[in-house]
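Hi,

Here is the model I promised to pass on. Have a look, and my notes on the interface follow below.

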Amino acid sequence: MGSNVRLSFDKKPELPKLIALAALITVFLVIPQFMRNTQLIMMSRIFILAVYGMSYDILRGYTGFINLGQAIFFGSGVYMGVIFLNMQNDLWFFMMAAGSIFVASVIGGYVMSKIVLRTGGVVAAAMVTLALGEIVRNIAERWRTVTGGQDGLPLRFSRVALEPLFTTRLGAYYFAFVFLIVMTFALRAFVLSPTGRVLQAIRENEQRARFLGYDTQKYKTIALIVSSVAAGFSGLVFAVIVRFANTDYLSITYTLNALLITLVGGTGTLYGSILGSAFVTWIQNFLLDLNRSLGWDILRYPMLFVGSLYILLVIFMPAGLLGGFFQLKNWWDRKRLSRATDNTPEA
Amino acid sequence: MGTIVTLVVNGLAQGALIFLMASGLSIILGMMGVINFAHGTLFLWGGYMYVWSYYAIRLRVVMAWFEAAVPVTRFGNILTIQGVQLPPGETLPFLAELAIFVAALVIAVGFVFVMGLVFEKLFINRVYGRVPAQILITLGIQVVFTDIVRVIWGPNPFPIDRPPFLNGVSTIGTARIVHYNVFLILVGLVIAVIIHRILTKSRIGMVIRAGLQSPDHVRAIGINIKRYFTIVFAAGAALAGLGGALYMPLVGNVVSTAGMSNQILAFIVVVVGGLGSFMGSFLGSIFLGLMGVGIAMTVPGLSVVANVLIMALVLMFRPNGLFGLAVSRAD
């Protein structure tokens, strides 16, 4: 597997690219000043779900392992964030939540890898992770005293979380943006590290990597743990933005969101997740708005549209929107080239 | 003693139901190397189609039969499901009730069979031999078609009745035997025998087993292996549909999340029994059904996690299934 399109990580960033990146970051630092609250929330969600998508891409794009229980880590992050911030809404408790999520995700990822990676098959792994995810959601739904069951768990204390740091949606926007930048660099560093290189080797040809003497199980376990920690952190920051936890965040719906984000952006590209998250979040927002203004019954089921889109993507654009665009462009270039050569009069 | 008999019958009935679901999944996986994450949706469609057609037919028959009959509460959204109150003291003759029940089953299973045909032609066809793509595409189908059920029949659960002639309970000694459970066990056994015969003795089983080993040879002697694959997929779907249709009267409550939860049960059976093995899924279903009832009796708090725990342990220590029956092809 793996896609034909991969943004190159090999080259050292060149000066023009760095300037472009700086300009982009500046734009995203300035534009929120001109945004309404709803737009700020949407942008914050896009940033965080981009990190969630990247966490998924580390697994699926870089090891080929399809984890249908990724939402366990994301949802647990959201729940732990809300629970800790409900005790006391400040940075210290946020840090404590982050620490607990780190520990829980490492343990959870390790246990999951022990169950799932043993057999090696993609089928068994997908089946088991789906079952694990449903069970965790089921337990969360029954454990009402802690999770609030189906009603969900709201953030109690304040309108906006983390009092001393930000008291506005604007602050939350910057928080999410900084989170995205930090996590992007961290995950990029991981992918570029020797460990990340071995993972790519495993994705391309696991048998060969094993013959070269790498303990592929160990590397896959590392990937799963890194992925689960990143998903947990994105859940924590998501809790700050949405100020609410419910079992949806643990369910297959959110795993599908991650899959869709990586599919739209192209698997194995890491940065593609940012684009994917923007697209997916925007579409879901758009459907909600449409539902509000039109009130059609069918619009109450956003997964109907998102899921259909997802099926179409899997069939027609397995390399993602970006990849699909490049494929189209290649096809067009080749066609133009061949037409140009056809038209040249023979000497 | 009586309690044990009751429990065993209940467990076997659960097992029979899981078997209907798991066998289709397992056959598709073992024979075609296709993993179907939309199996729960097919199960759900079977259930809703059964309930809808059963109630629709019964309403019309009863209204035509008795002048004094009154329609009662209705559920649903685009399509509705409406019960009917018979005049006091009156009943439909047994044969009429049986005919309604069988007709509803046939409609449900037939509909899901056609769904299977369409899914295979539209989607599965494109992803033979590509397991990750199969997982992704069937998962998408699962989500979309489950939501379509919610659009058509509404998202809220509603109660339904069993057919009157299957609704009784007999007491033998101290054991309480629910008739519907006995019915489920019989259906499960009959289906198991039929499938086993087809797989081992019939031409279609032979062709598919040959097609797995060497598709080129099968094609070379003029057999359209693709058509066989389509039929096998649709037959697996129909089994899931039958499972769904028989599940709804058992629990007496129609919920749109039943598809996913039963799909997971079927997955667990398939893993515990050994991936792709028909015999394994038969034994696994019985094992899981009995275990589920036993745990619900002794440690009810554990019943949610027990199945997954079993699956996790089997995967960790016996990756070829509890009975070591996994078909190597199924990756």
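First, a contact here means heavy atoms within 4.5 Å. On that basis, 39 residues of chain A and 38 residues of chain B make up the contact.

Some housekeeping: this is a predicted model, where local features need pLDDT of at least 70 and side-chain atom pairs count only at pLDDT 80 or more, while totals for chains, interfaces and linings use all residues. Residues are numbered from 1 along each chain as its sequence is written, chains are lettered from A in the order in which they are written, and side-chain values use heavy atoms, with hydrogens and water left out.

Buried area (accessible area, 1.4 Å probe, that two parts lose on being put together, summed over both) comes to about 3,500 Å² between the two chains, with 85% from carbon and sulfur atoms. On the chain B side, Leu136(B), Val304(B) and Met316(B) lose the most, together 17% of what that side buries.

What about salt bridges between chain B and chain A? The count is zero, taking a side-chain nitrogen of Lys or Arg within 4 Å of a carboxyl oxygen of Asp or Glu.

Helices (DSSP runs of H or I, at least four residues, numbered from the N terminus) H4 (131–153), H9 (258–273) and H11 (303–317) of chain B each supply at least two residues of the side touching chain A. H4(B) gives the most, with 15 residues.

Elsewhere, Thr41(B) sits in helix H2 (residues 39–65) of chain B.

Cheers
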